[in-house]
Amino acid sequence: MASIRPFEHTTAPEAATGEAGAPAAKALTVDARGVSLTFHTGDGEVQALANVDLQISDGDFVSLIGPSGCGKTTLMRIIADLQQPTAGTILVNGVSPEQARLARHYGYIFQAPALYPWRTIERNVMLPLEIMGFDAKERRARMERYLKLVNLSGFERKFPWQLSGGMQQRASIARALSFDPALLLMDEPFGALDEIVRDHLNEQLLRLWDQTGKTVVFVTHSIPEAVFLSSKIVVMSPRPGRIVDVIACDFPRDRTLEIRETPEFIKVAQRVRSGLRSGHSYDE
Amino acid sequence: MPANWRRLALLAAAIGMLAAAVLPLSSEPTAGLLSRPALLAATLLTAALYAGAAFVAAPLSIAASFGGVALSCAVTLALLRDATIAGYAAWGFWLPVLATWGAAWLGVARLAAVKPHDKTASRIVDLAIPLLFGAFIFYLWEVTVRGFGVPTVLFPAPSVIAIRFFASPAVLWQDFVQTFVLGMLTGYVIGCGAGFLVAVLAHRYTFLGRGLLPIGNFVSALPIVGIAPIMVMWFGFDWPSKAAVVVVITFFPMLVNTLAGLNTAGHIERDLMRSYGAGHRQTLQKLYLPAAMPFIFNALKINSTLAFIGAIVAEFFGTPTQGIGFRISIEAGRMALDMVWAEIALAAIAGMAFYGFVALAERATTFWHPSYRT
Amino acid sequence: MTSSTVSTARPAEIAWHPAVGRYAPIVVIALALIAAWYIAAVLMNINLVRNAFERNETPYTTAELIAGTLNAERPLLPAPHQIIETFADDVFDWPVTSPRSLVYHGWVTLSATFLGFLLGAAFGIILAVLIVHARTLQKSLLPWIICSQMVPILAVAPIVIVVLGSIGLRGLLPKAIISAYLCFFPVTIGVVKGLNSPDPIQRDLMRTWSATPGQIFWKLRWPSAVPFLFTSLKVSITISLIGAIVAELPTGAQAGIGARLLAGSYYGQTIQIWAALLAASLLAAGLIGLISLAERSVARLMGAH
């Protein structure tokens with residue numbers, strides 16, 4: 001199969017405001033309508049997702065937050081064509097998830113770094129580029145650029161086990177960015193790290209998003225993390241997964257961690273928490 | 001071992017050495033140690049070294065004990081050249097041997113307890129211990145066989161075997177080529193190669209894999225060596241039948257292990273490949289195969305011993321006039337045990353060299369696996 | 001593979017009963033292999049049978065030719081039903097103590113296997129315990145034990161039997177010793193691994209309780225080693241069987257499965273060889289089954305579900 005060049009993404013232009021402050025319509029990166037997923041197991045049916053409607057615009061940073069088992073990872077896997085819904089329709093960048101996957105429109109970052117232990121960091125970052133058919137010079141250039149972006153220059157020749165957890169996760173982010181996808185899907189990427197490293201990486205991720213203008217879908221179950229990072233928070237309920245609330249946040253794009261103590265932040269966090277509570281996330 | 005016990009043991013060893021000067025060396029009338037000035041001097045020096053080792057601190061003490069051991073070995077071996085002693089050795093001879101055994105054992109034990117900081121030093125120590133241990137076992141073998149006068153026909157001494165080994169290069173080479181190169185290696189390459197290919201297919205088509213894996217597991221446990229006579233019937237007496245046996249023996253472990261290895265790639269890594277839109281061939285090349293390497297090499301190592309055994313045993317069922325198995329049965333029948341042992345030594349060296357080669361290749365390709373890093 | 005621009009949902013997968021999913025592939029592949037065997041038998045024996053017909057100058061049809069390949073007296077590759085027939089004959093048609101009964105030969109080999117296995121397993125376990133507790137042994141002896149397995153002991157089998165024979169040990173014991181030599185190694189390696197398997201955390205806990213090495217061994221190390229022990233016992237017993245069979249070869253033994261193989265190959269009784277192989281395979285399967293049974297009962301005692 002001839003290598004397909006990924007969807008070349010240019011940094012999003014400033015949100016053009018029309019007259020009287022009405023923002024111009026942005027392209028929809030993800031358009032999900034009535035998505036449901038039912039598993040058939042040995043003892044009956046399990047409904048993982050029930051009738052989910054979600055629209056994500058170009059350049060958004062959307063967090064999916066909910067308790068374990070509420071289907072947020074499932075929803076993201078459906079977007080990534082790693083699973084198929086049993087009902088409903090979904091479009092990614094205007095095409096089916098499968099076509100989006102084959103055209104390499106998105107980069108996926110898992111809970112674990114999933115770096116290959118037999119490859120050095122540089123070869124790990126170049127892995128998708130090899131598969132997608134970039135030539136050697138281009139691969140090297142991109143690898144260096146993105147390792148620099150995540151502050152891992154100088155660690156190219158190291159093996160994954162020689163790096164700390166946080167550094168490994170940064171390397172996996174560089175790998176996901178290397179082929180310049182328009183959409184980033186991140187499944188609890190910082191869950192296994194300690195809070196200090198996590199804070200640090202949150203800041204770095206925010207800078208990255210600001211610089212590259214990509215669309216990010218971010219799964220988490222940390223309320224402060226969701227509120228800090230997102231432009232839109234989607235609160236989900238436990239099984240069957242349903243969207244309980246969609247909260248728009250417009251904190252300034254150059255925010256720092258101090259913002260977590262401000263009253264505006266706390267108000268949004270409270271709204272998220274009440275959404276979780278009304279969805280019975282805190283029930284036994 | 002507590003320091004006092006060690007000191008006592010070393011002193012006892014020193015006394016044991018001195019016994020050689022006093023007690024009779026042989027049940028036959030012979031010149032005692034006192035009339036062999038050079039050997040007497042060496043014996044006294046050894047006793048001094050042991051006694052000294054008892055009171056000195058670690059590195060010097062270990063060196064002293066091994067120095068004493070070396071000297072003592074030389075003395076006893078020199079004594080055995082005397083025809084009146086060889087075969088009739090008495091307590092004057094055996095006490096020094098026992099004393100040296102004790103000192104050697106203590107030396108090895110202390111070396112094992114040493115934990116050098118330097119990485120190369122520690123690797124040298126790790127290599128030295130089994131080598132010293134083995135060398136001493138060979139010495140004991142030599143001394144016991146010659147001291148007790150065990151007939152060569154029954155159980156030859158290492159020196160006799162070594163002489164025979166170096167005196168028959170042509171025969172040994174012929175046997176080596178026949179059994180090892182033609183019989184074993186060809187079979188090994190074909191069997192492992194076929195097992196690998198079928199495993200890749202079985203991985204691609206899961207139905208095939210799920211059916212073949214249990215069957216393969218079952219067949220690997222069977223005494224496949226038994227098909228040797230059938231292979232002789234199909235392929236004749238010469239090496240192809242041996243190679244055929246080796247092919248069947250190595251096929252199944254390779255199949256089972258490679259398949260298990262190809263299946264170890266984690267879900268996350270597989271999803272990652274899927275997210276890149278990678279096809280099966282790319283995923284095979286970049287994920288499944290490298291992840292399977294530890295398992296593949298495990299099979300290659302197991303197969304190296306199995307293949308060798310298979311090739312030799314297959315020769316018991318009929319072979320032209322060469323081959324290691326053939327030579328062993330012929331020479332055993334003629335009671336020429338020194339030649340038999342020389343062939344065994346050949347087989348041992350070849351087997352260990354091959355295994356070592358595979359192990360080195362394994363280290364180069366699977367250095368990243370956690371079991372090597374701990 | 002074309003897909004519409006709008007992704008439609010997939011219908012839910014049909015759920016097969018789990019037993020079907022597990023056993024169907026094995027059964028299908030096994031049947032396929034048996035069918036391939038029959039075809040191979042036809043192809044391999046065809047020249048033999050055709051020559052026989054032409055020598056007797058009898059006319060033959062293709063059907064008779066094929067039937068002949070599947071029923072030849074000394075075929076190059078016997079058909080499965082021939083092997084099973086001969087096997088059944090040799091097992092059921094002779095009294096159990098007769099030297100023509102496969103049961104008799106099977107028993108001879110089995111007794112050597114068992115004795116060798118017991119000796120080898122006991123030796124292997126003791127060696128493993130010593131190795132784990134004495135660092136000296138671990139560093140000096142273990143490399144040599146590994147090397148010992150590369151010396152093809154089966155090459156030494158003739159000598160061992162001759163040497164032991166000259167001291168007066170004949171029959172069962174030399175074979176058992178050869179088997180024991182072969183099968184102690186997997187047990188040693190497995191048990192060493194098992195005895196060293198407890199977490200450092202567990203071992204530290206023992207130290208906080210000032211446990212003696214004996215207590216640590218019986219309460220922590222040995223129970224952790226049991227699964228490893230059983231895995232290596234399964235490997236070990238099959239190796240012991242192979243050792244017993246091969247030990248019968250070089251000395252022209254009169255009894256045992258190896259002897260049967262040898263006799264079959266000397267007298268050109270092809271099917272007899274295959275029947276003996278089938279007997280050996282059934283023995284191997286039975287032995288592994290026995291160990292698995294033991295493993296399951298021990299595991300249940302130790303709390304597995």
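Is C:Ser210 buried or exposed? Keep that one in mind while we look around; the model is a predicted one, and C:Ser210 sits in the loop that links helix 8 (200-208) and helix 9 (213-247) of chain C. Now count neighbours. There are 7 other C-beta atoms within 10 Å of C:Ser210, and a residue with 12 or fewer counts as exposed, so C:Ser210 is exposed.

Chain A has a positive phi to show as well. For A:Asn93, phi is near 55°, again in a residue other than glycine. You'll find A:Asn93 in a loop too, the one between strand 4 (87-92) and helix 2 (97-102) of chain A.

Staying in chain A, let's turn to a pair of helices. Helix 3 (residues 121-132) and helix 5 (residues 165-177) of chain A have axes that come within 7 Å and cross at roughly 35°. That crossing of helix 3 and helix 5 of chain A is right-handed. Who meets whom? On the helix 3 side of chain A, the residues are A:Ile121, A:Asn124, A:Val125, A:Leu127 and A:Pro128; helix 5 of chain A brings A:Ala171, A:Ala174 and A:Arg175. Sorted by class, the contact between these two helices of chain A has six nonpolar residues, one polar and one charged.

Key
Residues are numbered from 1 along each chain as its sequence is written. Chains are lettered from A and ligands numbered from 1 in the order in which they are written. This is a predicted model: local features need pLDDT of at least 70, side-chain atom pairs count only at pLDDT 80 or more; totals for chains, interfaces and linings use all residues. Axes are lines fitted to C-alpha atoms, for helices over the stretch in contact, and angles run from 0 to 180 degrees between N-to-C directions. Helices (H or I, at least four residues) and strands (E, at least two) are DSSP runs, numbered from the N terminus. A crossing is left-handed if the near helix is turned anticlockwise from the far one by less than a right angle, and right-handed if clockwise. Two residues are in contact if their C-beta atoms, placed from the backbone, lie within 7 Å. Ala, Val, Leu, Ile, Met, Phe, Trp, Tyr, Cys and Pro count as nonpolar, Asp, Glu, Lys and Arg as charged, and the others, Gly among them, as polar. A residue is buried if 20 or more other C-beta atoms lie within 10 Å of its own, exposed if 12 or fewer, and partly exposed in between; C-beta atoms are placed from the backbone.
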